[in-house]
Every structure is written in structure tokens, then in C-alpha cells.
Amino acid sequence: MYYDQNTTVFLDGKWIAAGEAKADLYNQTMHYGNGVFEGIRAYQNADGCNIFKAKEHFERLQYSATKMHIGLPYSVEELIHISYELLDKNDLTNAYIRPLVYLGANMSLMPTDEVHVFMAAWQWEKYLGDTPLRVIVSSYQRPNPKSCHVEAKVVGHYTNSILATTEAKKLGYDEALLLDMHGNVAEGSGANFFYEKEGILYTPPAGNILPGITRATIMELAKDLSIHVVEMHFTIEEVYGADNAFFVGTATEVAPIESVNGETFKGSWEESAGHSLYLMYRQKVQYNEYQGLTIV
Ligand code: PMP
């Protein structure tokens, strides 16, 4: 699904066949989760393709690496260049790009100087699909921000996301919504959360979440549409009274939520602010800017 015999990947400065990319099983990322990564999307446009907010994603990769004491051996500009070359080599325009920074063999609890950079790309549908989601509030909370850098994209943090999504699916739901350590709504397992009430959007502030690049984009677009966005802490009870809700993220894009814990939102998604923002988002991703084009 992610690669076949024709797929080329980037590993430590070399272009190699995906099947030949190998890692040392003593690497610290596998044993202890100290590695950082990104999830980026490229979109086809009339000029070829655009890697949406490539700079922001690679800046976050650098930020995550710094927080985890990992020295990233490439600049943001070099990483952007590598990612366009990766698409070229694989004849991809609409694609998901996965840079992974992992460490060398090290069984101690100190980071190592041996840093590896892997980058792969593949075609990937919207991660949570387009069908309105039936969401459950997870029994797992987002990690205490004093226990790790929640705003960084660190490999080990995703065990929390895996537990939450797996629990939700086992209970017959599509996805999980996680609370923070204070019991306020935080985010999805791999996406940020917004709800809409009487034309105003509400989303949790930075602090207990990974404040995503899509979340920032949606907030920029809302400004263009004069939709008021309030960043504040709120409980799940406040969400139950909302008109609509949705998840946003690079892989997810904008995904409508039908219900939370069986409480169905009463508003029509097609007439919601979230839906208008999604249509604008689909234009913006092609050029990094909203072109004001009409959607067919
Ligand atoms: N929260 C979590 C936990 C995530 O994994 C992601 C995906 N990176 C997001 C939010 C959304 O971030 P972005 O819009 O930058 O992809």
C-alpha cells in the first residue's frame, strides 16, 4: 500500500528502492520512541504541484528535533528541495509525504549523535474519509504537557493516539476525541477539533494539544470569511449543544463529525461554517493561497 518495487525513497542523502531501506534494530527510536516526523500533503495544480506549507512543516520538524535533542543534518530549504525531488522521482503530484528522523543504535536514555533522515511519499485518501464521523470521548487523556513536548511531533507520543483510536474502533465508533488532563476537550488522535455554535467557531488553545498547521490555516481562512474563531478551554458538555463539529489535520483535511458519544449535531454540515472553510481549504492547498476559485 505504501510502496511497491518502483518506489524510490530518500535515506541519508541517497535515493534508493523502498524495499532496500533498512534500519538497525538497535536504534533508539524503535526501543524508546525518540524520533520525530512530519505528515505533509502535496496537491496537483495547473503548474505541477504544490507541497502545502512545506516550510511550516519542516520548521516544525526542526522544532520537534530540537526539543528532543536531535541534531537535524538538513536545513528547511534542503528538506523542501528533497521533498519535491521525492515527488518527481515517484511521479507523484497528489501525495502524502512522510519525513522521519530516527536515531542510531543506542540503548541508553541519552540521545545519540547518529541521526538518520528518511523520506517517503505515497498516494493517500483523506485519512478519516468524507462520511460524517461518529466520535467517542476517549478514556485516554492527552499527555500532561509537563511530561513531554505535546506541541512537538514525536514518534513515542503516538502510542497515546493508537490507544485512543483503537479503543474508539473497538467500541464501534469511527474516531476518538481526547480530553486534556483537566477534563477539557483537547483534540483527536491525529487532528485538531473545532465546534460551531450560532456561527462562531470554538477550538482549544495551544498548551495541551499539537496546534496543527491545518488548524492555523482554517483560522486564517475564517478571518477571510469574517467567521469569528474563539480559542478557549471547554468541556464536552458544551460541545453537545453545538450546531456542528469537525476535525482538521494534514492527513484528515477537514472531516465533519456527526455525533459525539451518540449526541448528534443538529446543524446541516453543508450549510455550516466548517463546510465553507473546507471548500476554501481545498483551493488554498493547491497554491498555498486561496485563489477565490469556484468549486465545481
Ligand atoms: N493533533 C495531532 C495529535 C496530530 O497528530 C496532528 C497531525 N499532525 C494534528 C493535530 C494536526 O496537525 P497538522 O494540521 O499540522 O497536520
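**Helix crossing, salt bridges and surface features**

In this predicted model, helices α5 and α7 cross in a right-handed sense. Helix α5 spans residues 213–224, and helix α7 spans residues 273–287. Their axes come within 10 Å and cross at roughly 110 degrees. Because angles of 65 to 115 degrees count as roughly perpendicular, α5 is classed as roughly perpendicular to α7.

Helix α5 also takes part in salt bridges. The structure holds ten salt bridges. In one of them, the side chains of Arg-215 and Glu-231 meet at 2.6 Å, N to O. Arg-215 lies in helix α5 and Glu-231 in strand β13 (residues 229–231), so the pair ties together parts that are 16 residues apart in sequence. Arg-215 is buried, with a relative accessible area of 6%. Glu-231 is partly exposed, at 42%.

A salt bridge also joins the side chains of Lys-53 and Glu-220, at 2.8 Å, N to O. Lys-53 lies in the loop between β5 (48–51) and α2, whereas Glu-220 belongs to helix α5; the pair therefore links parts that are 167 residues apart in sequence. Lys-53 is buried, at 8% relative accessibility. Glu-220 is partly exposed, at 35%. Through shared partners, salt bridges join Lys-53, Glu-220 and Lys-284 into one network.

Glu-38 and Arg-60 form a further salt bridge through their side chains, at 2.7 Å, N to O. Glu-38 sits in the loop between β3 (36–37) and β4 (40–45), and Arg-60 in helix α2, so this pair ties together parts that are 22 residues apart in sequence. Glu-38 is buried, with a relative accessible area of 0%. Arg-60 is buried as well, at 12%.

Asp-12 is found in the loop between β1 (8–11) and β2 (14–17). Its relative accessibility is 31%, so Asp-12 counts as partly exposed. His-69 lies in the loop between α2 (54–67) and α3 (76–89). At 62% relative accessibility, His-69 counts as exposed.

A nonpolar patch on the surface is formed by Leu-25, Tyr-26, Met-30, Tyr-32, Met-107 and Leu-109. Together these residues have about 730 Å² of accessible area. Tyr-32 is found in helix α1 (residues 28–32). Tyr-32 counts as partly exposed, at 42% relative accessibility.

Note on methods. Residues numbered from 1 in each chain as written. Predicted model: local features only at pLDDT ≥ 70, side-chain atom pairs only at ≥ 80, totals over all residues. Heavy atoms only, no water. Patch = residues over 30% accessible without salt bridge, like charges linked within 9 Å, V, L, I, M, F, W, Y side chains within 5 Å. Areas by Shrake-Rupley, 256 points an atom, 1.4 Å probe, with all protein chains shown as cover. Salt bridge = Lys/Arg side-chain N within 4 Å of Asp/Glu carboxyl O. Helix = DSSP H or I, 4+ residues; strand = E, 2+ residues; numbered from the N terminus. Buried < 20%, exposed > 50% of the residue type's maximum accessible area, 1.4 Å probe, protein only. Axes fitted to C-alpha atoms, helices over the stretch in contact; angles between N-to-C directions. Parallel < 35°, antiparallel > 145°, perpendicular 65-115°, else oblique. Left-handed = near helix turned anticlockwise from the far one by under 90°.
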